[in-house]
Amino acid sequence: MWHKLTKDSLELFTNKQLEVNIKHNRRVSPNTAKAVLYNQTIQITYHTDLDNAPVQVQQGLIELLCSKLFKQKWVSDNVHAYHTFIQNVSLPDKSKCPRLKQTFHNNNDQFFGGLIDTCTIKWGRRSVSKLASYNYNSDTITVSTIFKNAPDNMLAYIVYHEMLHKWYGYKIGQRCTAHTKEFKIAEAKFPNSTLLEKQIKLFAQNQARHR
Ligand SMILES: [Zn+2]
């Protein structure tokens, strides 16, 4: 099945006859796959769980990977189906830190009417440049460990920003415009957001100096 999907997708991007090599494991991120091109072979490694996904979703993922490999912009119903799928699939909550979990839930109640589905929230690396991130594929918020000693409202604001990414989702073809006007207006609703922005900058600079 995956073999045929890949053959079909390749035809959209190249005239070359490439060999297709399909692998699956649980080491790639959930609901994703990797594609590499070597010699005359394209190798796809997908997460085993995707065997249970609808064919259109699998096709969309393969098309996305091919479009990246061949550096072509590509939008189709299949790709759309894949994006919708990864936004709606429920992944296990792997959160371990009670403080992060609590922060997520407090924000959810206070700003989103409790409407955001629980997702994994965890500490990442000690980074002063990448303070936090939200990964759509694994539905995970990751926060730099520098915030382990930050005040509650600062941590809450950092988490709130990432929750907004989850809330507004991923708009096809607008990947680079994650911080839309709509997003920024919502972000500014957090109490003392302007002040917190400044404090976070200083806090990160301080952490950089004392590492
Ligand atoms: Zn952001």
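Three strands build an open sheet in the order 1-3-2, with mixed pairing. Strand 1 (19-25) and strand 2 (33-38) stand at the edges. Each has a single partner strand, so one side of each is left without a neighbour in the sheet. On average, neighbouring strands here are turned by 15° against each other, direction ignored. The model is predicted.

Strand 2 pairs with strand 3 (residues 41-47) in the antiparallel sense, over 6 bridges. Ala33 has Tyr46 of strand 3 as its bridge partner. Leu37 stands opposite Ile42, also in strand 3. The hairpin of strand 2 and strand 3 has 2 residues between the strands. In that hairpin, Asn39 takes a positive phi near 45°. As a rule, strands of a sheet pair through backbone hydrogen bonds, either parallel or antiparallel.

## Helices on the sheet

Which strands does helix 1 lie across? Helix 1 (residues 2-13) lies across strand 1 and strand 3. Its direction is about 130° to strand 1. Helix 2 lies across strand 2 and strand 3. Helix 2 runs at about 40° to strand 2.

## Helix 2 against helix 3

Helix 2 covers residues 55-69 and helix 3 covers residues 77-88. Their axes come within 7 Å and cross at roughly 110°. An angle from 65 to 115 degrees counts as roughly perpendicular. Helix 2 and helix 3 are therefore roughly perpendicular to each other.

From helix 2, the contact draws on Gln56, Val57, Gln59, Gly60, Leu61, Glu63 and Leu64. From helix 3, Asn78, Val79, His80, Ala81, Tyr82 and Phe85 meet them. By class, the residues of this contact divide into 7 nonpolar, 5 polar and 1 charged.

The largest nonpolar core holds 19 residues. Which of its residues touch the most other members? They are Ile141, Val143, Ile158, Val159 and Tyr160. At least two residues of this core come from each of helix 4 (98-112), strand 5 (132-135), strand 6 (140-143) and helix 5 (152-168). Helix 5 gives the largest share, 8 residues.

Val143 shows how these parts meet. Neighbours within four places in sequence aside, Val143 is in contact with Leu100, Trp123, Gly124, Ala132, Ile158 and Val159.

A second, separate core has 16 residues. Among them are Ala33, Ile42, Leu61 and Ile86. In soluble globular proteins, nonpolar side chains tend to be buried together.

## The whole chain

How many helices and strands does the protein have? The secondary structure comes to 7 helices and 6 strands. Along the sequence they follow the pattern α-β-β-β-α-α-α-β-β-β-α-α-α.

The C-alpha trace spans about 55 × 40 × 30 Å along its principal axes. Of the 211 residues, 26% are buried. Contacts between residues at least 6 apart in sequence include 50% that join residues at least 24 apart.

Terms used. Residues numbered from 1 in each chain as written. Predicted model: local features only at pLDDT ≥ 70, side-chain atom pairs only at ≥ 80, totals over all residues. Axes fitted to C-alpha atoms, helices over the stretch in contact; angles between N-to-C directions. Helix = DSSP H or I, 4+ residues; strand = E, 2+ residues; numbered from the N terminus. Parallel < 35°, antiparallel > 145°, perpendicular 65-115°, else oblique. Contact = placed C-beta atoms within 7 Å. Nonpolar A, V, L, I, M, F, W, Y, C, P; charged D, E, K, R; others polar. Pairing = 2+ DSSP bridges. Buried ≥ 20, exposed ≤ 12 C-beta atoms within 10 Å, placed from the backbone. Core = buried A, V, L, I, M, F, W, Y, C linked by C-beta atoms within 7 Å.
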